[in-house]
Amino acid sequence: MNGWRGASPTARLLLVAVLLTGLTTFMFLPLLAIELTAQGIPAGRTGFLVGLLAFSSQAFSLLSGLLVDRLGPRRVMAAGFLLRIAGYVLLGLGGAGRPAPLVAGIVAVGVGGSMLGLSTKTLLVSQEGSDPRTMLALRSTFVNIGVVVGPALGALVYPLGFRYILAACVLSHLVLGIGLVSGRTAAAVPGRTAAKATGPDAGPDADPGAAPDATAGRPGEVTRRTLLRHWAPLAALGVAYWAIYSQLNVLLPIAANELTGSTAAISVVFTANGLLVVLFQYTLLSRVFRRATARTLLALGFLAFACAYAVLIPLAGWYSLLAFVLPVTLAEMLIGPSLDEQAVNAAALRRTGLALGTMSAAGALGSLLGSSLGGQLLQATRGGSRAWVLLVGCSLAAAAICLLLPKVRTRHA
């Protein structure tokens, strides 16, 4: 990867951290519910605890962004590593007869993950010599390596005992924390450096983080209007993306089983999705669509979502399901990093953490709405194609909202 070769030593270390934390996280996460049930915890309480982990991470994202901007990403990263290590230790101490350390450990892992994710992402998009799109594409690739490989590693280690997986998580976070926090990441700043979004006519006093017209006329009034014009549709798109994407965990597993008669069908979809992202994410964003604006990529991504759900309308068994994989993966590869890129470009200088935290909070709201509405939709439609028609319509509406975003082009390093 040219992006990897051209990345700074700090960026490479951050990407290795993304890879290793992703591997250990996805060794641990898919087996958490199995382990809790094996400890004698009832299914209802197990579901609550697993949901609490996701909620703790997502609900804290906005505050994590504020902390990154206020305290600096290095300090927030250190706190994130400490919280995660403490959380994994508490999980090892907890159990059916000791609920307090179990709950505390789950919350600590979730909050620590939020702090780690936002601090590393902020540092990556702030690296000199690399533009945000390249760093976000590489980050997404490394995360998905963890998604694909982590569960397989977890399945190999789990027969030895769940505590061995927790020990691997503690050890990896301890080593990475010492290396990152004591290393050169301290020199990075939370504001953007090499890749800045600027208007073509911006003057010498222009805010390099503003949209193109944010420095024209009366600065205070125009900036507020510009920020509202940028952030209102962007936040709506963040909610829409995660609401639509969450159907892969709500509607699709049931539909895949009904379409094919196989419980393994959904595993085929997720495996193919992860492999495609690992193989093509970086090339797609940094080469094929290198000069496209984030607004264009978002519109194309939501159109790909519409195509993905449209192929499910005929209910053509394996043919529909396999045809679904390519456009839904394309949507994921285009939308996820582009939402963050657009947020970084829209943020004021030294407010990158808050911008990324806002998008994570929008994603949390979208996931919650999508999961709730998806369940209701499943009950209301009772199978058939109406659910897919509705999702196609939502995807097309989101693509239209993309046109409300201002054109902000990243200056490539």
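Modeller: Contact here means heavy atoms within 4.5 Å, and helices are DSSP runs (H or I, at least four residues) numbered from the N terminus. This is a predicted model: local features need pLDDT of at least 70, side-chain atom pairs count only at pLDDT 80 or more, and totals for chains, interfaces and linings use all residues. Residues are numbered from 1 along each chain as its sequence is written, and side-chain values use heavy atoms without hydrogens or water.

Colleague: At what angle do the axes of α2 and α8 cross?

Modeller: Two packed helices are described by the angle and the distance between their axes. Here α2 (residues 9-38) and α8 (residues 162-181) have axes, fitted to C-alpha atoms over the stretch in contact, that come within 10 Å and cross at roughly 160 degrees. α2 is therefore roughly antiparallel to α8 (over 145 degrees, on a scale from 0 to 180 between N-to-C directions).

Colleague: Which residues in α2 and α8 meet?

Modeller: Among them are Leu13, Ala17, Thr24, Phe28 and Glu35 in α2, and Phe162, Cys169, His173 and Leu180 in α8. The contact residues divide into 15 nonpolar, 5 polar and 1 charged.

Colleague: Is Thr25 buried or exposed?

Modeller: Thr25, in helix α2, has 13% relative accessibility and so counts as buried (under 20%; exposed is over 50%, partly exposed in between, with a 1.4 Å probe and protein chains only). Leaving out residues up to four places away in sequence, Thr25 touches Pro30, Arg84 and Tyr88.

Colleague: How many disulfides are there?

Modeller: A disulfide is a covalent bond between the sulfur atoms of two cysteines. With a cut-off of sulfur atoms within 2.5 Å, the count is 0. Cys169 is buried at 0% relative accessible area, while Cys307 is partly exposed at 46%.

How values were computed
Helices (H or I, at least four residues) and strands (E, at least two) are DSSP runs, numbered from the N terminus. Angles under 35 degrees count as roughly parallel, over 145 as roughly antiparallel, 65 to 115 as roughly perpendicular and the rest as oblique. Ala, Val, Leu, Ile, Met, Phe, Trp, Tyr, Cys and Pro count as nonpolar, Asp, Glu, Lys and Arg as charged, and the others, Gly among them, as polar.
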